[in-house]
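Dear colleague,

I am handing over the structure that we discussed, and below it I have set out what was found in it. Please read the notes with the structure open beside them.

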Amino acid sequence: MDRNPERPTAPEPAPASASWGPGCTQYPPDIGLGRHLSPEELASSLDAALTGWDGRQDLWIFAYGSLIWNPGLPIEESLHGRVYGYHRGLYLWSRVNRGTPERPGLVLALDRGGSCAGVAMRLAAAGARERLETLWYREMAMGSYRPAWLNCALADGRTVSALAFVMRRDVQSYAGRLPDDIIRQVFEQAQGRYGTTHDYVARTVKALREAGMPDPALEAVLHRCGARRNTP
């Protein structure tokens, strides 16, 4: 299957201000309500991502956040993997899952630069389309990610083309690199459908460490900004 795994691109970021976007200096940010994609838009997005797939080959997914500890999919095989040209960070404002429009949380996204260790998961071809529809409703509900096929180096020496969710820099929910005082407020105040950003980060840190691929940068954020939550 030739999906032409991409090289990192550099989309233009949305214009930032003190109230939202990269360089945001206030919490909560002024990012509005956002818009959920329609079922037709989600289906079209999935169709575009699967262009060139013959329906017979198994598919690989690169997990770097909650998919590691909550894939929600039947996985045939999982291996440590690494993608280059992107790194993991708390770059996406979450209005639903880890916060609200009034007090948004943060979730992880891949942004350009560096590399990222994660888990490459093989999804069987049979029934893959239907299972990816479920994943699309979870990850692509508001269109904040850009599905991309990235070259993923597996721990066993193979390189596969793996589906990953990359941050779009042209949306208002792009947070960019935030100062600690903003992240600390998010940890203390944001609560969404699936819980808090603090718990989300703590679970991801724990899962990465248990998998033998700790993320020192993410652990440092949790230590610096989550200390008060962790204090009895």
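Which residues have the most contacts inside the largest nonpolar core? They are Phe 62, Tyr 64, Trp 93, Leu 110 and Leu 132, in a core of 74 residues, where a nonpolar core is a set of buried Ala, Val, Leu, Ile, Met, Phe, Trp, Tyr and Cys residues joined through side-chain atoms within 4.5 Å, and buried means under 20% relative accessible area, with exposed over 50% and partly exposed in between (1.4 Å probe, protein chains only). Strand β3 (residues 105-123) gives the most to this core, namely 11 residues.

Before going further, please note that this is a predicted model, in which local features need pLDDT of at least 70 and side-chain atom pairs count only at pLDDT 80 or more, while totals for chains, interfaces and linings use all residues. Residues are numbered from 1 along each chain as its sequence is written, and side-chain values use heavy atoms, with hydrogens and water left out.

As to the overall layout, the protein has seven helices and five strands, which are DSSP runs numbered from the N terminus (helices H or I, at least four residues; strands E, at least two). Read from the N terminus, the order of the elements is α-β-α-β-β-α-β-β-α-α-α-α. Of the 232 residues, 48% count as buried, and among contacts (heavy atoms within 4.5 Å) with a separation of 6 or more, 76% are between residues 24 or more positions apart.

Turning to the strands, β1 (residues 59-63) is mostly covered, with five of its five residues buried. Leu 59, Ile 61 and Ala 63 point one way from β1, whereas Trp 60 and Phe 62 point the other way, and all are buried. β1 runs antiparallel to β3, to which five bridges join it, and strands count as paired if DSSP finds at least two bridges between them. Within that pairing, Phe 62 has Ala 120 of β3 as its bridge partner. β1 also pairs with strand β5 (residues 159-167), here in the parallel sense and over two bridges, with Ile 61 standing opposite Leu 163 in β5. Leu 110, already named for its contacts inside the core, touches residues that include Phe 62, Tyr 64, Leu 150, Ala 164, Phe 165 and Val 166 when neighbours within four places in sequence are left aside.

Leu 90 lies in strand β2 (residues 77-94) and is buried, with a relative accessible area of 8%. Although Leu 90 and Gly 176 are 86 residues apart in sequence, their C-alpha atoms are 7.8 Å apart in space. Apart from neighbours within four places in sequence, the contacts of Leu 90 include Leu 106, Leu 108, Gly 176, Tyr 200, Val 201 and Val 221.

Val 201, in turn, belongs to helix α5 (residues 197-210) and counts as buried at 0% relative accessibility. With neighbours within four places again set aside, Val 201 is in contact with Leu 90, Phe 187, Leu 218 and Leu 222.

The axes of α5 and α6 come within 10 Å and cross at roughly 140°, where axes are lines fitted to C-alpha atoms, for helices over the stretch in contact, and angles run from 0 to 180 degrees between N-to-C directions. The two helices are therefore oblique to each other, given that angles under 35 degrees count as roughly parallel, over 145 as roughly antiparallel, 65 to 115 as roughly perpendicular and the rest as oblique. Residues making this contact include His 198, Val 201 and Val 205 of α5, together with Leu 218, Glu 219 and Leu 222 of α6. Helix α4 (residues 180-189) packs against α6 at an angle of about 75°, with the axes 9 Å apart, which makes α4 roughly perpendicular to α6. Among the residues in that contact are Ile 183 and Phe 187 of α4 and Val 221 and Leu 222 of α6.

Finally, a cis peptide bond joins Tyr 27 and Pro 28, with omega about 5°, and Pro 28 is placed in the segment before α1. In general, most peptide bonds are trans.

With best wishes
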